[in-house]
Amino acid sequence: MIEKMKILMFGRGVISVQYGWAFEKAGHTVEFYVRPGRKAEFGNTLVLKMLDARKKIKGILVNENWNITLREDLDSNHNYDLIMVSVQHYQFKKAADFLADKIGKATLLIFNNFWEEPLAQTAHLPLSQLVWGFPQAGGGFDKKGVLNCSLFGIVNMGTFKTAQTQRGLAVMDLFRSSGFRIKEIEDFRSWLFAHFAFNAALHLENLKSTTGMESLIDMRTTKYWENVILNSKELIPLLKARSVDLKGNSELKAFSLPPWLLSFIMKGVIKFLPSVKQIFTGHSNVEELRSYCHDVLSKAEELKISLPRFAKDKNKFQ
């Protein structure tokens, strides 16, 4: 049996809530750090409508008023075993700066997207206490504050071409004890950058769509996926320029499929897998979509690499 952990989720965001819920259901103690003033705003009850797809890919509906513990203060004398950070990539630096002198003896699980160099962005944090991972979950809060989301059974755990640490192994055991399977990625930098690029290719089309990301009308069409693939291929030279290993990278496999096949697959996914459908329909953060496209174009301009498809529509995200 794994020793029970005391876990602090940094923020009360979509990812933090879902994994915090899973950890608590597995018997671990979970609390959430929120900014001063947010405790009164949020309250101690969170309405969760989640498709739990850890055992069944269609998802088992969780409809729960979940009582959570929020705290607005944090210093290095805490007794947390683990702090988990999962924020928007453009918010990570601020979060890392805040936590730099507050980690104490805890393991810091970085569960985040990156487009800037991950090790550079965490250089001021205690390297021996860092563990790297990435979620497979998503969704969004509606106007009433209800979290509509899906939680999948695989968790990505990565290293930067090094052996996994003892802290990393302990985090992997935590996930396994909470009903997850682990996918280990040795070249996590390449995986993160490829994942970011693939998201940017999708988000450019979502920003151009008249229906927005909340609707799946466009995602059912061959034209949509034809554009996504063209966007993706345009980003390959940028990934190469950043020394991303493209061989065997799971995030790039969809680039090679014909548009009609991707369209056919998505039609089936939307019709038969409500858990996956929820990931798309529950997402409404336009600022996040814009940031992906803005950041890839900015990096391309810095490296003097042409991205005509992104440049043509930069009015959508500048």
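Which residue is the bridge partner of Tyr33 in strand 5? In strand 5, Tyr33 is partnered by Arg71.

## About the model

This is a predicted model, where local features need pLDDT of at least 70, side-chain atom pairs count only at pLDDT 80 or more, and totals for chains, interfaces and linings use all residues. Residues are numbered from 1 along each chain as its sequence is written, and side-chain values use heavy atoms, with hydrogens and water left out.

Let's start with strand 2, residues 29-33. Strands here are DSSP runs of E with at least two residues, helices are runs of H or I with at least four, and both are numbered from the N terminus.

Two strands pair if DSSP finds at least two bridges between them. Strand 2 pairs with strand 1 (residues 6-10) in the parallel sense over five bridges, and Leu8 stands opposite Glu31. Strand 2 also runs parallel to strand 5 (residues 70-71), joined by two bridges.

Together, strand 1, helix 1 (residues 14-25) and strand 2 make a right-handed β-α-β unit; with the strands pointing away from the viewer, the path from the first strand over the helix to the second runs clockwise.

Note on methods:
Buried < 20%, exposed > 50% of the residue type's maximum accessible area, 1.4 Å probe, protein only.
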